[in-house]
Amino acid sequence: MKKISHGGNIYKKAKEMGIREEDILDFSANISPLGLPEHIRQAMVKAIDQTINYPDPDCSRLKEAISKEDAVSETKIACGNGGADLLYRLAFGLQPKKVLLPAPAFVEYEEALSAAGAQIEYYRMTEDFIIKEDILEQITEDTDFVVICNPNNPTGILTERERILRILERAEKTKTFVMVDECFLEICKNEKEYTVKPFIEKYEHLIILKSFTKLYAIPGVRLGYILAGSEKVIERVNRAGQAWSVSHIAQCAGVAALADNIYKEKVIDTVAEELAYMKKEFFKLPVVLYDGAANYLFFRTPKITDLDKQLEGHGIMIRNCSNYVNLGRDYWRVAVKAHEENKKLIKALRMILKGEE
């Protein structure tokens with residue numbers, strides 16, 4: 001399976017397109033449209049002087065802040081060098097033999113779990129891309145690990161909390177770990193209605209993946225964490241990687257992020273406003289738009305498979321979703337960015353898809 005990197009390919013893409021990096025509008029990476037918050041920037045700058053020392057391998061202050069924010073015991077938290085690092089730690093720490101993945105879903109789940117020797121079974125969603133009750137039938141005594149991405153990446157579609165709880169009830173009986181990826185959920189207006197964080201103490205096999213990357217616009221810092229219903233999971237995850245995986249700068253960024261909710265609220269409001277605007281404009285285009293709730297839009301352009309190449313002519317990068325299992329070459333994902341940037345994308349799409357000048 002071909003791995004697609006976000007962000008790191010801007011330099012190459014700019015060179016290929018013959019334009020400057022700063023002239024590319026990158027809609028392929030779903031990062032906060034408000035950019036790096038000043039209070040986190042200041043915390044990281046202040047942290048530089050302490051980089052002469054090794055970082056705290058236990059991430060003590062960061063875990064304390066996460067525990068307070070998520071109302072979870074510090075013993076049930078593990079921090080890592082971004083969500084991807086934690087996926088690999090989970091894969092190699094738990095060593096699942098048989099994994100159930102919804103399709104489509106974030107490519108890196110399969111990459112990490114396959115690298116650890118897992119056999120992948122797919123729950124193939126139908127055209128509406130909604131996880132339904134029949135997923136329970138695929139969770140058997142042989143299933144070691146299930147992944148639920150909520151909202152789904154790339155579709156942005158939310159799975160009702162009641163359905164996830166039924167999956168967790170089933171998983172407790174089959175002794176199956178369920179990892180719920182909520183990395184994008186905190187950007188959604190109705191996070192509280194969907195998060196399973198309040199159930200972390202109830203379900204021993206529940207694991208929740210979280211990241212600072214999306215909400216706080218710090219993908220280059222690499223910072224994420226997991227919450228787990230079992231302390232044994234935390235122990236195995238910690239043993240599966242090196243001790244100093246989270247830098248001092250990243251730990252300070254995380255503590256600063258959780259100390260101030262004003263920026264978070266602004267991001268949620270901005271994304272909700274821009275998502276509504278973009279949906280309204282997309283409905284005027286000859287595309288099939290899916291009603292996602294995340295900070296990105298998922299859509300299809302039937303029989304048009306080179307939309308990304310056409311948009312590059314306008315200096316715009318979008319995410320081609322052809323390397324997701326269960327998707328064809330005419331599926332796309334675009335981030336929700338600042339209003340003026342979103343207007344440029346809409347204008348370019350009108351020109352390409354409707355022939356408007």
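Lys132 is partly exposed, with a relative accessible area of 29%, in what is a predicted model. Its salt-bridge partner is Asp128, and the closest N and O atoms of the two residues lie 2.9 Å apart. Asp128 likewise counts as partly exposed, at 32% relative accessibility.

Next comes Glu133, whose side chain meets that of Arg163 in a salt bridge with an N to O distance of 3.2 Å. This pair links distant parts of the chain, since Glu133 sits in the loop between strand E4 (119–124) and strand E5 (145–149), whereas Arg163 belongs to helix H6 (residues 161–174), 30 residues apart. Glu133 is partly exposed at 34% relative accessibility, and Arg163 is partly exposed with a relative accessible area of 22%.

Within helix H13 (residues 339–354), Glu340 and Lys343 are three residues apart and therefore separated by about one helical turn; their side chains meet in a salt bridge at 3.6 Å, N to O. Residues three or four places apart point the same way because an α-helix has 3.6 residues a turn. Glu340 is partly exposed at 48%, and Lys343 is partly exposed at 36%.

The whole structure holds 20 salt bridges, and a network of them links Asp70, Glu186, Glu191, Lys197, Lys210 and Lys264.

Notes
Residues are numbered from 1 along each chain as its sequence is written. This is a predicted model: local features need pLDDT of at least 70, side-chain atom pairs count only at pLDDT 80 or more; totals for chains, interfaces and linings use all residues. Side-chain values use heavy atoms; hydrogens and water are left out. A salt bridge is a side-chain nitrogen of Lys or Arg within 4 Å of a carboxyl oxygen of Asp or Glu. Buried means under 20% relative accessible area, exposed over 50%, partly exposed in between (1.4 Å probe, protein chains only). Helices (H or I, at least four residues) and strands (E, at least two) are DSSP runs, numbered from the N terminus.
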